[in-house]
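Subject: Structure for you to look at

Hello,

Here is the structure I said I would pass on. Please open it first and then read the notes below it.

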Amino acid sequence: MIKFESVTKRYPDGTVAVNGLDLVAPSGQITVLVGPSGCGKTTSLRMINRMIEPTSGRIWLDETDTGTVSTSKLRRGIGYVIQHAGLFPHRTIVDNVATVPLMLGVDKKTARAQAMDLLVRVGLDPAFAKRYPAQLSGGQQQRVGVARALAADPPVMLMDEPFSAVDPVVRAQLHEEFLRLQQDLGKTIVLVTHDIDEAVKLGDQIAVLRVGGTLAQLATPADLLARPADDFVAGFVGRDRGYRSLGFADAGDLPTRKEVTVRLGSDFAAAAALAEDGWVLAIGDAGEPLGWLDASHPGTGPIGPQHLHRGGTVATEGGSLRAALDAALSAPSGRGVLVREDNTLLGTVTASEVVARIEERAAAERIEAAR
Amino acid sequence: MSSPPVGYLAAPDQPWNVQHYLDGKVGYVLGLLWQHLWLSVLPVVIGLIIALPIGYAAKRFKWTYTPLVTISGLLYTIPSLALFVVIPSVIGTQILDPINVVIPLTIYTIALMVRVIADGLRSVDETVLQAASAMGYSRFQRLLKVELPIAIPVIGAGLRVAVVANVGMVAVAAVIGVPQLGTLFSYGKDLFYYAPIVVGLVLSVALAFALDLLIVLAVRALTPWRKAVAAR
């Protein structure tokens, strides 16, 4: 657990970066600090490992007042990940990862072996181990940065805009991997971002800070979207809050219907005859949905991948209402594709069916609230 | 041959005959080469050691950068001849003492290297420094294990200039009589004997070239990561 106790940072020129911050980041959870530039989120983060010293107040790491231990000792027990990874350009990937264990006196062989395991764990090919950072892409470097921070198995991780410097596709991928990793590791994580969507996606709780370094709201992502504390938070959280909050609403058992499917490679004319409302769903050999076939523009010969409409998203069984609604809205047939955990086709659902589920849920909540 | 064959003899019959000149003097010439070598290298080593903390200070305390770099740069403008002549009387050494050569050349090395070291250290990426500190490196450890290794290519480039310049400047010290390859120039000049000049010239160019190559190879060996960067 990390606890801020009326922490203030005032610079010699009078600027107040953080003002009387009280905050608890619970053990084993991801706490996201988010806010516009100048809100003191990075300053707050860096005061935890004393890269910046607070002017007043205390920061506790479990039972320890961080101000009472040496900075070297404190920092070796706290993983730190920054925006551009900050890898040591003169050391190989494996030696970058082994840095802190080596400092702590672990022998070279053991440290390197552990580093190799960690590289695999963060999704890097061990073949990268002997390369230098400059030979890796931004996303790969960021993975190494995470592995390096994890190397000494610190209970606490601080992450300063860790995913901001990579392109959106890689970022989404890193998000998924990061959450999976955290599920296994259960670190106490404080993560800084300026991106509210990232905060909502990654945080167990979100602390919204306002300019001047005060806490505007501390809430779970769902709560933040549903009940912003004031205009500032509402404005910062942004548009589409209603729709985005569906991302936290469990879809439950949706009334799925069976869908007639055709296999890739089967005859076009025969497939088109099975279409409903002009569209028929094509599946692969393992029963995975591939895309919709437009029966109104029939061709001849076997169905190839080039004939398929790829615009539709796919929702997983037991996922969120947002994913289910999006699948329905994005399907050219109007029938949203649901799959099981193993990616095989479960069935389809229409937007109106998902909306009906949303309304039922909201009505139930109103009744709950009125009690 | 007991004493070195330097003296005011008559002009030789074959002023360009190197082979003739070297006859029986190979040992003597190699001795001069050895003198020249250490008179060139020692000041670079001492100068580097002195310039390191100054260059670090110029980087660490931003406001000192301009004054330190300017002052050390000004040192370079003092003519070497003047230093060679003045130093013995200032520090009270004998006129033939090699220290009279080592000190001025050390000053030139410092003049050159303060800026090089400060700039080399400044070239280290801020995120790298931040990461190093956050991982628990003390300032000194960080300097030793992160900043200096990364600055090696820049520092190495500076050393190449310093060492080659020193090989040239050592020769000037012949005017104060400290024996090294420059001795061959003044000897040859006085006698209109060109062979020793040719020998001195070839050897000092070869020496400069060899020392330069040595630094290049050392830098390459110490920075395997740069090859990887260049390959990208």
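Which domains does the domain assignment of chain A give? There are two entries: domain 1 covers 2-239 and domain 2 covers 261-357. Such bounds come from an automatic or database domain assignment. The C-alpha centres of domain 1 and domain 2 of chain A lie 40 Å apart.

Before the details, some ground rules. This is a predicted model, in which local features need pLDDT of at least 70 and side-chain atom pairs count only at pLDDT 80 or more, while totals for chains, interfaces and linings use all residues. Residues are numbered from 1 along each chain as its sequence is written, chains are lettered from A and ligands numbered from 1 in the order in which they are written, and side-chain values use heavy atoms, with hydrogens and water left out.

Chain A, strands

Helices (H or I, at least four residues) and strands (E, at least two) are DSSP runs, numbered from the N terminus. Two strands pair if DSSP finds at least two bridges between them. In chain A, an open sheet of four strands has the order β11-β12-β13-β14, with mixed pairing. Its edges are β11 (261-263) and β14 (308-309), each with a single partner strand, so one side of each is left without a neighbour in the sheet. Strands β12 (residues 279-283) and β13 (residues 289-294) of chain A run antiparallel and are joined by five bridges. Opposite Val280(A) stands Leu293(A) in β13(A).

Strands β9 (residues 205-210) and β10 (residues 214-219) of chain A also run antiparallel, joined by five bridges. Arg210(A) has Thr214(A) in β10(A) as its bridge partner. This hairpin has three residues between the strands, and Gly212(A) takes a positive phi near 105°.

Chain B, helices

Chain B has ten helices and zero strands. Its C-alpha atoms fill a box of roughly 75 × 45 × 25 Å along the principal axes.

Helix α7 (residues 139-172) of chain B has 34 residues and spans only 42 Å between its end C-alpha atoms, whereas a straight helix would span 50 Å. The expected span is 1.5 Å times one less than the number of residues. A kink of about 55° lies at Ile152(B) in α7(B), shortly before Pro153(B). The bend at a residue is the angle between axes fitted to the seven residues ending there and the seven starting there.

Regards
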